[in-house]
Amino acid sequence: MSPSPSSLSRRTFLTATGAIGAAALTACSDLTPGASSSEKSSSGPVSTAIPADEKITLVVADADDTTMTPGLIAAFREKHPNITVKRNYTGWDDYLKSINTTMSADSAPDIAQFTSGMQNLVPGRLLLKVGEYGKAYGWAEKFPGLDQITLTSDGKTVGTGDLYGVGAGLSFEGVYYNKAKAKKLGLTVPPATLEELEALFAKAKAAGETALVAGNLDGGLNHAFNVLLSVYLTPKDREAWAYGHQSATIVLPEAEKAAETLKRWVDEGYVTPKVNGVSDNDATAAFAKGEGVFRISGNWAAAAVAEGLGEGAGYFNMPTVTSGGKVRTTGAGVYYCVSSKSKNAAAAAAFLDFTAGTEAAAITAKAGFMAPDAGAMPSQTGLLGDVQKGWQTIVKDAGLQPFIQNSSSPTMGDTLTTQLQLLAGGKVTAEKFLAGLQTDFENYHK
């Protein structure tokens, strides 16, 4: 099943391969180190031909801690033996802190995984406009329904402007559960409504279990908050805020209800004790080892959970407020962009194009991601099969919504982490929590 071009329109911008943590630099174009003095882009017709007898080296910078990026690189090299691809992997938090500086250097990598904060590279003309390569390769058809990275010239508004990259694998969030514990506790899974899910949390807690395994040291409660926003907030309001529309606000009754729900889960003791002292990755690892009953996270965690719990791992989409409603959740893509300083732009664009193919789809699916062409994904069983079915429902309902921390401002990742820690620690109310997010938004956009 392939998404239709309109089904996920403007809803999959930016990357979410793990917990969203610290944001990157916020320099404007005049202050960006190494900013280009002249525009460099793929404007005008381009050739997709790569000389087979020419030795080419590409450097790829990424923070993808799954098997997807290294798998794509290995397969691409087999197809193009004259191209050497060197991978510069950096852990997620360090990548977010350093990638703008990395892309500003004279030795910038040819290809980089695009993430929050990198929109600041646009005014400095440090990212290559790849629109002409997109036309030459037919990316509008090869990446059906995906929101390719389009940004205005100031980098502040998403979904319009020039094309800077495409997504190789989609992420989306849902609810994992321990089948054995759910059966032992007599829990009816999946719940039909959000109210029923919370009732399951209460039963698990009453039985002495951690109902919802989470880690908020690096802001991992953003997963629960994001999906709650997907349930309560209208897509129109959410996208306006996440995509940086000038008059947008997150200080809304529906958003407050989402924040209040998350705070109630913490206050009721459903969430991992001392959650602010546990990292998001450690929470996934603990759940995979059998701790707790439920875990809200993304499909990037599917492989680890499946390996740990085996046939005992289950998954369902976040339930709706009313039974039978359209399913909505939060997600994004693992996107790749090209440096304007690359001397091998055609080869770099070929790698971006390769990620949309059938061969790449198998690699993407094995890593737990959804391929650009869902119809090219191999059929899977077990937990990965459940996740794939969940994705098909989300596509049918056009239910994928953007991570709020990724595009509303380059510093929103840090701000959201801080505000979530204050909320979970009982230091702020839901109202003040949202006000803190809105202040960051307005400081950037006004």
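This is a predicted model: local features need pLDDT of at least 70, side-chain atom pairs count only at pLDDT 80 or more; totals for chains, interfaces and linings use all residues.
Buried here means under 20% relative accessible area.

**Helix H11**

Helix H11 spans residues 302-309, and its buried residues are Ala302, Val305 and Leu309. They cover an arc of only 70° around the axis, which puts them on the same side of H11.

What do the buried residues of H11 pack against? The table lists their partners.

| Partner | Residues |
|---|---|
| strand S5 | 162-178 |
| helix H10 | 280-288 |
| strand S6 | 294-298 |
| strand S7 | 313-316 |
| helix H14 | 382-396 |

**The nonpolar cores**

The largest nonpolar core holds 67 residues, and Leu72, Trp139, Tyr176, Tyr336 and Trp391 have the most contacts inside it. Helix H12 (residues 345-354) gives the most to this core, contributing eight residues. A second, separate core has 52 residues, including Leu200, Ile250, Ala255 and Ala258.

Leucine 72 is worth a look on your screen. Leaving out residues up to four places away in sequence, Leu72 touches Ala168, Tyr336, Phe351, Phe354, Thr355, Ala360, Ile363 and Thr364.

**Helix H17**

Helix H17 (residues 430-445) has 16 residues, which at 1.5 Å a residue should span 22 Å; the end C-alpha atoms are 23 Å apart, so the two values agree.

Key:
Residues are numbered from 1 along each chain as its sequence is written. Side-chain values use heavy atoms; hydrogens and water are left out. A nonpolar core is a set of buried Ala, Val, Leu, Ile, Met, Phe, Trp, Tyr and Cys residues joined through side-chain atoms within 4.5 Å. Buried means under 20% relative accessible area, exposed over 50%, partly exposed in between (1.4 Å probe, protein chains only). Helices (H or I, at least four residues) and strands (E, at least two) are DSSP runs, numbered from the N terminus. Contact means heavy atoms within 4.5 Å. The expected span of a helix is 1.5 Å times one less than its number of residues. The arc is that of the directions from the helix axis to the C-beta atoms.
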